[in-house]
2 protein chains.
Amino acid sequence: MQVINTVKDLRNWVRSTKGSGQSIGLVPTMGFLHEGHLSLVESAKSENGQVVISIFVNPAQFGPNEDYDRYPRDFERDSKLAEKAGVDVVFAPSAEEMYPRESQITMAAGALANVMCGKSRPGHFNGVLKVVTKLFHLVQPDTAYFGQKDAQQLAIIESLVRDFDFPLEIRRIDTVREQDGLAKSSRNVYLSETERAEAPKLYQALQVGVTAARDGKDPIPGMARFIESATSGTIDYIELLSYPDLTEEPNGQAILALAVQFQKARLIDNIIFNLKEN
Amino acid sequence: MQVINTVKDLRNWVRSTKGSGQSIGLVPTMGFLHEGHLSLVESAKSENGQVVISIFVNPAQFGPNEDYDRYPRDFERDSKLAEKAGVDVVFAPSAEEMYPRESQITMAAGALANVMCGKSRPGHFNGVLKVVTKLFHLVQPDTAYFGQKDAQQLAIIESLVRDFDFPLEIRRIDTVREQDGLAKSSRNVYLSETERAEAPKLYQALQVGVTAARDGKDPIPGMARFIESATSGTIDYIELLSYPDLTEEPNGQAILALAVQFQKARLIDNIIFNLKEN
């Protein structure tokens with residue numbers, strides 16, 4: 001496994017890999033890898049000659065009061081996990097390498113960022129669009145892999161690729177969960193012991209909510225009462241929207257999503273389902 | 001020479017061309033080709049195995065009161081000129097092919113669009129960013145060629161490529177002029193006979209202005225008086241800015257640029273020069 005830290009070295013690797021006719025799969029991450037990331041790597045390996053994982057905590061997608069500085073980082077551990085998973089290249093640039101100067105041109109996610117996490121994280125998805133566009137241009141993957149846990153991000157990246165004709169495909173990979181149902185997340189390490197015991201209630205609430213929605217009921221009040229009574233977290237949002245266009249009054253394919261703020265960790269989770277199938 | 005009208009056919013051509021190891025040069029145009037475009041093709045041919053010219057009058061870069069509908073089009077003539085110039089592929093999609101659905105994600109040129117043509121053409125450069133990004137992703141050129149006549153567009157596209165790490169190079173090609181100095185432009189056909197006789201004064205004004213600027217004088221009032229007395233056009237702007245960052249109070253590399261509205265044609269021209277060299 002190679003570790004590449006500079007844009008120049010990455011470009012050279014991409015050129016020679018493309019020249020040899022091998023396909024490239026990209027798994028973009030912010031590091032502190034868990035089984036969710038490794039399941040993306042596994043899918044990438046099954047479809048590509050070479051697999052690149054990027055490890056970059058992207059400052060452009062953190063707000064001024066968010067957890068950029070204390071976002072968990074452990075490159076040595078990540079590097080071992082990536083190697084064991086069969087990754088070919090870890091691209092781990094510094095912030096200066098990715099953003100050597102101030103940008104002039106901006107991208108915006110528009111209405112897709114006006115719901116769910118976009119409401120409480122202004123500018124977050126514009127920062128995601130920026131780094132993902134850069135990574136796509138640097139790595140030039142044939143296919144890029146994203147987890148469904150970040151469903152809004154995924155919907156926005158799918159729009160990005162479609163709206164601007166990026167020459168690559170996006171794969172949506174199922175959320176990986178702990179045995180008790182909690183969605184795997186790098187931020188789970190910040191849960192207290194009590195919060196960790198409460199956190200699986202979020203997925204339980206989603207499952208109950210999906211059943212209610214399929215029965216034609218509004219699932220949100222019941223879910224809110226359940227989360228408020230069964231956890232110490234504060235609900236940021238619970239939303240039922242169409243997917244992937246994230247508009248209100250879903251009809252067929254839908255997403256039921258939530259974000260709950262615990263003391264040091266904000267957790268998100270969702271289920272994507274068809275409202276008309278039971 | 002091949003004419004390709006669909007995204008699908010273009011993608012197939014790109015895949016096989018890249019597979020054969022040939023480099024691709026792209027000349028993006030809105031058609032109604034003149035010697036300015038052909039000089040871009042000539043540069044592209046000298047540096048690439050295959051040359052693609054795109055012919056697409058991009059609705060996204062025209063304002064509601066601009067000349068999208070009456071922008072001059074003559075595909076048959078363009079096609080002959082392109083073939084004679086040695087173009088390998090003409091990519092000529094319909095508007096529906098390029099924009100099959102409404103976009104969600106937007107790009108914006110920021111401060112670079114607050115000067116020169118950006119002031120009187122709100123949204124114009126955002127539309128340019130959109131189509132150029134799409135063309136770059138569709139054609140995947142190694143090098144793309146743009147004329148200096150559209151200097152603000154060029155500065156914005158250079159920023160786009162740098163800010164988002166597009167895997168390609170941009171070449172700036174000198175403005176091609178008529179014998180009397182008028183910059184070649186598809187819109188010149190809309191000049192009346194009188195206006196056509198006056199139009200070379202714009203370049204003369206620029207030349208006098210450059211000399212004044214190098215002498216440390218403000219060139220703009222004199223240029224304005226000259227253009228107002230020697231032509232029937234209305235000045236949209238005359239600006240002296242740094243280049244390519246388009247900020248005020250230039251020091252080294254500078255651009256002296258103007259736009260003048262005639263009855264049915266708005267003409268632009270510029271000189272890029274170093275303020276410190278005589």
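UniProt positions are given here in the numbering used for this structure, with feature names shortened, and such annotations may be inferred rather than shown by experiment. Under "binding site", an unreviewed UniProt entry lists Gln61(A) and Gln153(A). They span 93 residues in sequence, yet no two of their C-alpha atoms are more than 11.2 Å apart, so they gather at one spot.

The model is predicted: local features need pLDDT of at least 70, side-chain atom pairs count only at pLDDT 80 or more, and totals for chains, interfaces and linings use all residues. Residues are numbered from 1 along each chain as its sequence is written, chains are lettered from A and ligands numbered from 1 in the order in which they are written, and side-chain values use heavy atoms, with hydrogens and water left out.

The two listed residues can be taken in turn. Gln61(A) sits in the loop between strand S3 (50-55) and helix H3 (75-85) of chain A; helices (H or I, at least four residues) and strands (E, at least two) are DSSP runs, numbered from the N terminus. Gln61(A) has a relative accessible area of 9% and is therefore buried, a word that means under 20%, with exposed over 50% and partly exposed in between (1.4 Å probe, protein chains only). Its side chain makes a polar contact of 2.9 Å with the side chain of Asn58(A). A polar contact is a pair of N or O atoms within 3.5 Å; within protein, one must be able to donate a hydrogen and the other to accept it, and residues adjacent in sequence count only if both atoms are side-chain atoms. Apart from neighbours within four places in sequence, Gln61(A) is in contact (heavy atoms within 4.5 Å) with residues including Met30(A), Arg121(A) and Val128(A).

Gln153(A) belongs to helix H7 (residues 151-163) of chain A and is buried, at 18%. Its contacts, with neighbours within four places in sequence set aside, are Phe125(A), Val128(A) and Phe146(A).

Another loop of chain A, between strand S2 (24-29) and helix H2 (35-47), holds His34(A). With a relative accessible area of 19%, His34(A) is buried. A polar atom of its side chain lies 2.9 Å from the backbone nitrogen of Gly36(A). Not counting residues up to four places away in sequence, His34(A) touches Lys184(A), Ser185(A) and Ser186(A).

In chain B, Ser23(B) lies in the loop between H1 and strand S2 (24-29). Ser23(B) counts as partly exposed, because its relative accessibility is 22%. The side chains of Ser23(B) and Asn48(B) make a polar contact (3.4 Å). The C-alpha atoms of Ser23(B) and His34(B) are 25 Å apart, although 11 residues separate them along the chain.

How do the chains relate? Two copies of a chain are related by a rotation about an axis and a shift along it. Here a rotation of 180° with 0.0 Å of shift superposes chain B on chain A (RMSD 0.0 Å), by least squares on the C-alpha atoms of residues with pLDDT of at least 70 in both. That is the relation of a two-fold axis. Within chain B, Met107(B) has the C-alpha nearest the axis, at 2.2 Å. The same surface serves both copies, since 100% of the contact residues of chain B recur in chain A.
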